[in-house]
Amino acid sequence: MLNKLTPTNFDRLVGGIMKANINSERKLKGAIDLIFEKAIDEPSFVETYGKLANAMTALKVPSAANPAEEVLFRNLLLNRCQREFEKDKTDAEDMERRQKEIDLAPEEDKKRLREEMDLKALKDRRRSLGNIRFIGELFKLKMLTDKIMHDCIVRMLKTREQENIECLVKLLETIGVELDRLPRNKSRIDQYFTQLKSLQQEKLFESRVRFNILDLCELRERGWVLRDNQKNKGPTTIAAIHNQVQQEEADRQQLVARLQRENQNMGGGQHGGRGGGARRGQQGGAQGGSDDGWITPLSSRGNTNRIDIEKMLNFSK
């Protein structure tokens with residue numbers, strides 16, 4: 001049914017989805033996984049999947065562990081988004097393992113292994129950007145608070161890694177106008193943009209990312225009004241969906257080719273993105289819930305590793 005979901009038939013299909021027999025935690029998690037994967041794989045429809053999630057937000061079923069308690073669709077979905085947001089440590093370890101494998105491999109196998117590594121890096125990047133877009137849409141629908149958004153922004157800024165900064169730019173493109181209209185957020189937004197401009201001028205990243213930062217700064221200067229050629233109207237027919245998929249696949253192939261050329265130029269050196277540097281989140285360990293529905297890792301609640309947002313906003317280069 002999700003494959004048929006478009007903005008034009010949203011209300012009719014959502015009615016059918018809501019009538020589906022989702023009466024167990026297993027079924028609810030399965031539905032969430034389907035919505036989540038579609039949302040991050042189909043960026044043109046992220047607003048539609050956000051609306052679908054919002055329509056299902058109050059859905060609840062008995063807990064598998066304790067049937068006397070209930071689990072909420074909203075909490076499970078937000079936990080799913082957070083796990084994706086914080087999984088970069090595991091992905092970085094995988095990239096480091098792959099790089100070591102390339103270094104030790106026979107010369108005739110190096111090219112194939114590098115191509116596989118590039119494809120994995122591309123997939124990780126697309127998932128990160130898709131997840132950030134989805135998180136932004138959930139915030140716009142009031143399913144996430146601005147407090148959580150500030151935490152995500154600060155975590156990405158602190159890493160100073162290209163992939164995280166690219167995700168940050170995408171997030172601010174999505175939610176910047178919503179955050180900026182609240183007076184309590186203005187000073188923080190000003191500091192975020194000061195840091196982004198500094199990173200852009202340091203030329204730490206590819207030209208593509210530096211231009212994205214400039215475009216974002218100009219967008220804010222225009223009062224968050226998109227140019228006509230930047231407005232994403234999104235496909236509304238099945239034919240348009242197929243065209244969109246074909247275009248995204250063509251874009252993916254072009255990006256793969258560019259990554260391979262860059263890899264050859266660098267001689268198979270270190271790859272950017274998820275490898276190295278500070279991480280957005282911590283894996284493992286006990287976790288505590290919050291009223292926002294966003295799980296707070298225990299490591300970020302302890303005194304030694306606590307995230308001090310105000311202090312972090314003024315970190316020195």
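# Notebook: helices and their packing

I started with Gln200, which I found in helix α9. The model I am reading is a predicted one, and I kept that in mind throughout. Was Gln200 buried or exposed? Its relative accessibility is 16%, and because buried means under 20%, Gln200 counts as buried. Setting aside residues up to four places away in sequence, I noted that Gln200 touches Arg210, Ile213 and Leu214.

**Entry on α10.** Helix α10 runs over residues 207-221, and its 15 residues reach 21 Å from the first C-alpha to the last, close to the 21 Å expected at 1.5 Å a residue.

**Entry on the loops around α10.** In the loop between α9 and α10 I came to Lys203, whose phi is near 55 degrees, a positive value in a residue other than glycine. Lys203 counts as exposed, because its relative accessibility is 61% and exposed means over 50%. After α10 comes Gly223, with a positive phi near 75 degrees. Trp224, in the loop between α10 and α11 (238-265), has a positive phi of about 65 degrees although it is not a glycine. Trp224 counts as buried, at 13% relative accessibility, whereas Lys203 counts as exposed.

**Entry on cysteines.** How many disulfides does a search of the whole structure find? The search finds 0. For the record, a disulfide is a covalent bond between the sulfur atoms of two cysteines. I looked up two cysteines by themselves: Cys167 counts as buried at 1% relative accessibility, and Cys217 counts as buried at 6%.

**Entry on α2 and α3.** Two packed helices are described by the angle between their axes and the distance between the axes. For helix α2 (residues 25-41) and helix α3 (residues 46-55), I noted that the axes come within 8 Å and cross at roughly 160 degrees. Why do I call the two roughly antiparallel? Angles over 145 degrees count as roughly antiparallel, and α2 and α3 are therefore roughly antiparallel to each other. The crossing in which α2 passes α3 is left-handed. On the α2 side the meeting residues are Ile35, Lys38 and Ala39, and on the α3 side they are Val46, Tyr49 and Leu52.

I checked the length of α2 as well: its 17 residues should span 24 Å at 1.5 Å a residue, and its end C-alpha atoms are 24 Å apart, which agrees. The residues of α2 that are buried are Glu25, Leu28, Ala31, Ile32, Ile35, Phe36, Lys38, Ala39 and Ile40. These buried residues pack against α3, the strands β1 (60-62) and β2 (70-72), and the helices α4 (73-85) and α6 (107-140). In α3 I listed Val46, Thr48, Tyr49, Gly50, Leu52 and Ala53 as buried, and the buried residues of α3 pack against α1 (10-18), α2, α4 and α6.

**Entry on α4 and α6.** The axes of α4 and α6 lie 10 Å apart, and the helices pack at an angle of about 145 degrees. Their crossing is left-handed. From α4 the contact is made by Leu77, Leu78, Arg80, Cys81, Glu84 and Phe85, and from α6 by Arg127, Asn131, Ile132, Phe134, Ile135 and Leu138.

Helix α6 also holds Leu113, which is buried with a relative accessible area of 9%. Leaving aside neighbours within four places in sequence, which residues is Leu113 in contact with? They are Glu101, Ile102 and Ala105. Leu113 and Ile102 are 11 residues apart along the chain, and their C-alpha atoms are separated by 6.2 Å.

**Entry on the whole protein.** I ended with the totals, which give 13 helices and 4 strands. The protein has 317 residues, of which 46% count as buried. Among the contacts with a separation of 6 or more, 74% are accounted for by residues 24 or more positions apart.

Technical notes. Residues numbered from 1 in each chain as written. Predicted model: local features only at pLDDT ≥ 70, side-chain atom pairs only at ≥ 80, totals over all residues. Heavy atoms only, no water. Disulfide = S-S within 2.5 Å. Buried < 20%, exposed > 50% of the residue type's maximum accessible area, 1.4 Å probe, protein only. Expected span 1.5 Å × (residues − 1). Axes fitted to C-alpha atoms, helices over the stretch in contact; angles between N-to-C directions. Parallel < 35°, antiparallel > 145°, perpendicular 65-115°, else oblique. Left-handed = near helix turned anticlockwise from the far one by under 90°. Contact = heavy atoms within 4.5 Å.
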